[in-house]
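Me: I'm new to reading protein structures. Could you walk me through this one with some questions and answers?

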Amino acid sequence: MDATATDSVRAYLDATAQRLQVDGCEVRTEDWNGLPVLVGYRADFRLQWMATKLHLFTVAAPAPSVTANAIEEFTASALDYVVARKGQLRGMQSGVAVLPALVSTQVEPEAATWAQRGQMVRFAAMARPVVVDAGTGAVACFRGHAALGLLYSAHFRRKLAAYFPTR
């Protein structure tokens, strides 16, 4: 874990790893340019998703502070990561999604507002950013229905509730 992360940030990330494992995700820590990042992965197939397989990644990292720019950049990086990992065949029968989360005890209100606005979308790839204030337990993310990826909206809401519960 990052040496600069506070005890509450470390505890939140550890608890998130446990929640991911309980849900059947493969969980590991990766080094992203010196930053330890928690990565959870699972794939689900549903007939009601027009017989597609969704590769869902959860990528959570500690941050000294979270700004709107920081969560936007982290979300774009996480989306690039999942497209490179599992997105080669995305399209008709396969899609990728990521729940990119920055966890800190210093969260700017603009960062929470940005995360709640919606999802970042590319062709057959979606990201729903998450901002966590580990000091208060507040979680900001989009939990609504999106026109693009509507078939997956309920699935995303269930996973967000399981991995990033609100207090």
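Predicted model: local features only at pLDDT ≥ 70, side-chain atom pairs only at ≥ 80, totals over all residues.

**A guided look at the fold**

Me: Is Leu99 buried or exposed?

Reply: A residue counts as buried when its relative accessible area is under 20%. For Leu99 that area is 0%. Therefore Leu99 is buried.

Me: Which residues does Leu99 touch, beyond those up to four places away in sequence?

Reply: Leu99 touches Leu56, Phe57, Thr58 and Val59, and also Arg128.

Me: How far apart in space are Leu99 and Val39?

Reply: In sequence, Leu99 and Val39 are 60 residues apart. In space, C-alpha to C-alpha, the distance between Leu99 and Val39 is 9.9 Å.

Me: What share of the contacts in the chain between residues at least 6 apart in sequence join residues at least 24 apart?

Reply: Start with the contacts between residues at least 6 apart in sequence. Among these, the share that joins residues at least 24 apart is 66%.

Me: How many helices and strands does the chain have, and in what order do the elements run?

Reply: The secondary structure comes to four helices and eight strands. Reading from the N terminus, the order is α-β-β-β-α-β-α-β-β-β-β-α.

Me: Which residues touch the most other members of the largest nonpolar core?

Reply: As background, nonpolar side chains in soluble globular proteins tend to be buried together. The largest nonpolar core here has 28 residues. The elements that give two or more residues to this core are β2, β3, α2, β4, α3 and β6, and α2 gives the largest share, seven residues. The residues that touch the most other members are Phe57, Val59 and Val98.

Me: Where else is there a core, and which residues does it include?

Reply: There is a second, separate core of 25 residues. Its members include Leu99, Val130, Ala134 and Phe164.

Me: Which residues of α2 are buried?

Reply: An α-helix has 3.6 residues a turn, so residues three or four places apart point the same way. Keep that in mind as you find these residues in the picture. The buried residues of α2 are Ile71, Phe74, Thr75, Ala78, Leu79, Tyr81, Val82 and Val83.

Me: What distance separates the end C-alpha atoms of α2, and what span should we expect?

Reply: α2 has 19 residues, and at 1.5 Å a residue these should span 27 Å. The model agrees with this, because the end C-alpha atoms are apart by 27 Å.

Me: In what sense do β3 and β4 pair, and over how many bridges?

Reply: β3 is mostly covered, with ten of its eleven residues buried. Lys53 stands opposite Ser94 in β4. β3 and β4 pair in the parallel sense, over ten bridges.

Me: Which residue of β8 is the bridge partner of Val132?

Reply: Four bridges join β4 to β7, which run parallel, and there Val103 stands opposite Val132. β7 is also joined to β8 by four bridges, but these two strands run antiparallel. In β8, the partner of Val132 is Val139.

Me: Which residues point each way from β7?

Reply: In a regular strand the side chains alternate between the two faces of the sheet. In β7 all four of the residues concerned are buried. Val130 and Val132 point one way, and the other way point Val131 and Asp133.

Me: Where in the chain is confidence highest?

Reply: The chain averages a pLDDT of 87. Confidence is lowest in strand β5, at a mean of 81. It is highest, at 98, in strand β7.

Conventions:
Residues numbered from 1 in each chain as written. Heavy atoms only, no water. Core = buried A, V, L, I, M, F, W, Y, C linked by side-chain atoms within 4.5 Å. Buried < 20%, exposed > 50% of the residue type's maximum accessible area, 1.4 Å probe, protein only. Contact = heavy atoms within 4.5 Å. pLDDT = per-residue confidence, 0-100. Pairing = 2+ DSSP bridges. Expected span 1.5 Å × (residues − 1).
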